[in-house]
Amino acid sequence: MKKSVEVKLPVRIGPGQRPLTEILTADELEDNHYRLVFSPGLVESLAAGDEFAINAAEPSGFKVTRRGGNFCIWFFFPKQGMNYSAEAQRLVHEVASIGGRMDGGGETTLVFTVPAASGFDRIADFFDDAVLRIADSAWSFSNAYEPTSGAPLDWWQTWAT
């Protein structure tokens, strides 16, 4: 039987910065093996549905063992509180129209989970359009590229429709 637990994972930071962690909700599948319930707001390379094992030997502190078929998308607003605005609520509603959901956010961010089956280009075009509408905003896939090299991970190719 799976039980939801809180898992603390390290956040990749720049040199000379204080270590940072994010506490994520995950289903415990077996000892040291988890499935993420919600997409993270700070930890790169993971999205809701991904399975991973804690692994101190990995630079990230974990190893993805199975992709869940979702993109984690971070949407950045230029000012604090804008993520509660009418425009942000419109964005949340529109993300649902492409099969996605909002999983949370921070003071100036929203975190979305969108199925890879919706299509990489379609998702990118969708968020590019949102950035054009919301001045000075930005967005990024948090689990589509290798964090240090920027190389595409291409895991989504197997999830394409």
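Author: Helices here are DSSP runs of H or I with at least four residues, strands are runs of E with at least two, and both are numbered from the N terminus. The model is predicted, so local features need pLDDT of at least 70 and side-chain atom pairs count only at pLDDT 80 or more, while totals for chains, interfaces and linings use all residues. Residues are numbered from 1 along each chain as its sequence is written, and side-chain values use heavy atoms, with hydrogens and water left out.

Reader: What does Glu87 form with Arg90?

Author: Side chains of opposite charge can pair when their charged atoms come close. The rule for a salt bridge asks for a side-chain nitrogen of Lys or Arg within 4 Å of a carboxyl oxygen of Asp or Glu. Glu87 and Arg90 form such a bridge, their closest N and O atoms being 3.7 Å apart.

Reader: How many salt bridges does the rule give?

Author: The count comes to 10 salt bridges. One of them joins the side chains of Glu51 and Arg35, at 2.8 Å from N to O. Glu51 lies in strand 4 (residues 51-54) and Arg35 in strand 3 (residues 33-36), so this pair ties together parts that are 16 residues apart in sequence. Glu51 counts as buried, with 10% relative accessibility, whereas Arg35 is partly exposed at 22%.

Reader: Which residue forms a salt bridge with Asp103?

Author: The partner of Asp103 is Arg101, with 2.5 Å between the closest N and O atoms. Asp103 is buried at 16% relative accessible area; Arg101 is partly exposed at 37%. Elsewhere, salt bridges that share partners join Glu87, Arg90, Glu94 and Arg133 into one network.

Reader: Which residues gather in a patch of negative charge?

Author: Patch residues have over 30% relative accessible area and no salt bridge; like charges are joined within 9 Å, and nonpolar side chains within 5 Å. Asp and Glu count as negative, and the place of the charge is taken as CG of Asp or CD of Glu. On the surface, Asp121, Asp125, Asp128 and Asp129 form the negative patch. Asp125 lies in helix 2 (residues 120-133) and is partly exposed, with a relative accessible area of 47%.

Terms used: Accessible areas come from the Shrake-Rupley method with a 1.4 Å probe; for residues, only the protein chains shown count as cover. Buried means under 20% relative accessible area, exposed over 50%, partly exposed in between (1.4 Å probe, protein chains only).
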